[in-house]
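Visitor: Hi, could you walk me through this structure? I'd like to know how to read it before we get to details.

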Amino acid sequence: MAVKETPGTKASAKKQSSKASKAASTSPGLATKIIVAILVLTAALSYNFLRNAIIDLGLLLGDVQPLNTEGCEVVKGLETCEDIHIHHESGLAFTTCGHAESRKSWFPPIGTVNTSAENAFKDIFVIYDVKSGKYEVMDLIGLPADADRVFHGLDIYERSPTELTIFAVNHRRSGSVIEVLEYTIGDKAVQYKETIKHDLIITPNDIVALGPRSFYVSNDHRHKTGTMREIEETLRRPWSNVIFYSPENTFVAFDNVVSANGMAANKDRSLIILSACHGGSVHVLRPREDHTLEQQDHIKLDFYNDNPSYEPETGDFFIGGHVQPLKMMHDIHTPGKPVAGPSKIVKLHKNPLAETSAAAPRYLVSTVLVDNGQLISTGTVAAIDRKRGVMLVGTAFSEKGLVRCPVPHSA
Ligand SMILES: *[C@@H]1O[C@H](CO)[C@@H](O)[C@H](O)[C@H]1NC(C)=O
């Protein structure tokens with residue numbers, strides 16, 4: 001996720017304008033600021049910008065009443081487990097977890113880049129057994145001990161039913177990369193294979209694994225920091241994208257997205273859901289022969305959606321996200337305060353009427369779970385194990401990093 005409030009904008013604009021008469025011809029930053037101000041006004045007058053701003057700020061939703069949180073339990077000892085993938089054959093869930101307070105200081109996707117953040121850079125790789133409810137922190141054999149570990153999106157490619165290749169986004173201080181790991185079901189450790197860097201992989205967020213060395217990766221921004229990042233974020237510019245990566249060939253597969261975020265694919269990778277959180281957008285994409293992505297549908301949600309996940313038994317997608325992003329961002333910018341981010345999970349399912357009526361929407365959205373942030377805060381993803389009746393909810397900035405819930409009846 002990457003929402004942003006801009007406190008103090010007024011004050012700094014004022015300072016700039018009083019300087020304007022003296023420094024108009026000498027200050028290169030001023031011209032940019034004036035252009036931004038004009039663009040903000042223009043954009044603010046557009047209906048879509050306003051509508052999206054209302055979603056991004058969570059303004060219309062009022063108090064958040066919990067729904068379907070009965071029986072949910074916090075998995076003790078894990079913080080900020082942002083992405084979860086269940087290997088359905090074995091009932092093992094793969095996730096990475098970090099440290100809630102340090103995420104406020106170092107997490108490039110939300111623009112916090114303090115390289116001396118305490119307790120950062122040491123995220124853990126966790127395998128959680130859905131059946132027993134126990135988890136193990138796995139050694140990453142071969143990953144240099146001094147390499148930063150700030151994990152984000154991940155996905156799994158099954159080389160065989162028991163041999164897995166895991167791709168994990170890692171926001172190292174030296175730059176964001178994709179770590180390639182291998183794991184065989186039953187092993188006591190995970191093997192590090194290689195680190196992938198590429199000029200087109202700028203601000204990686206999430207991954208759809210395609211093969212042992214190929215994947216799609218979303219860039220959530222075009223600019224990492226600076227004025228252009230501010231413009232991109234504040235004006236919701238459609239400057240993010242999805243990259244196809246393979247060792248032979250890497251290119252932009254889908255372009256012009258506003259804040260491309262989490263992705264999930266169905267089993268044969270013929271359908272990809274891309275969550276673009278600003279303005280609650282979901283892109284339904286189909287890979288073409290040449291690996292570029294074609295948009296099949298565009299769905300609007302009423303909240304700030306984060307990561308989608310795929311449930312193979314029904315073919316439904318689940319999407320987690322934030323109901324009051326502004327409140328969440330306030331807490332994120334308050335040192336020492338646990339982040340209370342009201343959260344929601346929805347199900348995206350095929351509309352049976354769409355088979356016979358071209359006018360019917362192809363997908364329906366139904367609410368699965370809502371929480372006010374006391375139990376499930378900053379929820380980003382819900383992974384469903386229908387066979388075992390368990391829904392695991394991951395979080396981006398919560399000390400209650402992973403929450404285990406019964407699969408609600410409405411799901
Ligand atoms: C960065 O983090 C360190 C350690 O917590 C802190 O001392 C320092 O003030 C922070 N720097 C900024 C610019 O916030």
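Guide: Happy to. Two strands pair if DSSP finds at least two bridges between them. Strands (E, at least two residues) and helices (H or I, at least four residues) are themselves DSSP runs, numbered from the N terminus. This is a predicted model, in which local features need pLDDT of at least 70 and side-chain atom pairs count only at pLDDT 80 or more, while totals for chains, interfaces and linings use all residues. Residues are numbered from 1 along each chain as its sequence is written.

Visitor: What is the mean pLDDT of the chain?

Guide: pLDDT is the predictor's confidence in each residue, on a scale from 0 to 100. The chain averages 88, with 88% of its residues at 70 or more. Residues 1-26, however, have a pLDDT below 50, and beyond near neighbours in sequence this stretch makes 28 contacts in the model. A contact here is a pair of residues whose C-beta atoms, placed from the backbone, lie within 7 Å. Where pLDDT is low, the predicted coordinates should not be read in detail.

Visitor: Okay, how many helices and strands are there?

Guide: The chain has six helices and 26 strands. If you take its contacts between residues at least 6 apart in sequence, 56% join residues at least 24 apart.

Visitor: And what percentage of the residues is buried?

Guide: Of the 411 residues, 43% are buried. Buried means 20 or more other C-beta atoms within 10 Å of the residue's own, exposed means 12 or fewer, and partly exposed is in between, with C-beta atoms placed from the backbone.

Visitor: Which residues touch the most other members of the largest nonpolar core?

Guide: They are A93, V126, F167, I207, Y216 and I272, in a core of 94 residues. Such a core is a set of buried Ala, Val, Leu, Ile, Met, Phe, Trp, Tyr and Cys residues joined through C-beta atoms within 7 Å. Take V126: setting aside residues up to four places away in sequence, V126 touches L78, C81, T95, T96, C97, Y135, V137 and M138.

Visitor: Back to pairing. Which strand residue stands opposite G320?

Guide: That's I345, in β22. Strand β21 (residues 316-322) pairs with β22 in the antiparallel sense over six bridges. I345 also stands opposite L369 in β23, and eight bridges join β22 to strand β23 (residues 363-371), again antiparallel.

Visitor: Is β22 mostly covered or uncovered?

Guide: Strand β22 (residues 343-350) is mostly covered, with six of its eight residues buried.

Visitor: What joins β12 to β13?

Guide: A hairpin does, through two residues. β12 pairs with strand β13 (residues 214-219) in the antiparallel sense over five bridges, and A209 stands opposite F215 in β13. As for burial, six of the eight residues of β12 (residues 204-211) are buried.

Visitor: New topic: which residues surround the ligand?

Guide: S105, N114, S116, A117 and E118 do. To count as near it, a residue needs its C-beta atom, placed from the backbone, within 6 Å. The shell divides into one nonpolar, three polar and one charged residue. Here Ala, Val, Leu, Ile, Met, Phe, Trp, Tyr, Cys and Pro count as nonpolar, Asp, Glu, Lys and Arg as charged, and the others, Gly among them, as polar.

Visitor: What about V381, why does it count as buried?

Guide: V381 counts as buried because it has 29 C-beta neighbours inside 10 Å. V381 lies in strand β24 (residues 379-385). Leaving aside neighbours within four places in sequence, its contacts include D83, I84, G262 and G320.

Visitor: One backbone question: what is the phi of R236?

Guide: R236 has a positive phi of about 55 degrees, although it is not a glycine. Most residues other than glycine have a negative phi. R236 sits in the loop between α5 (226-234) and β14 (240-245). S259 also has a positive phi of about 55 degrees without being a glycine, and its place is the loop between β15 (250-257) and β16 (260-265).

Visitor: And is S259 buried or exposed?

Guide: S259 counts as buried because it has 29 C-beta neighbours inside 10 Å. R236 is partly exposed, with 19 other C-beta atoms within 10 Å.

Definitions and conventions. Two residues are in contact if their C-beta atoms, placed from the backbone, lie within 7 Å.
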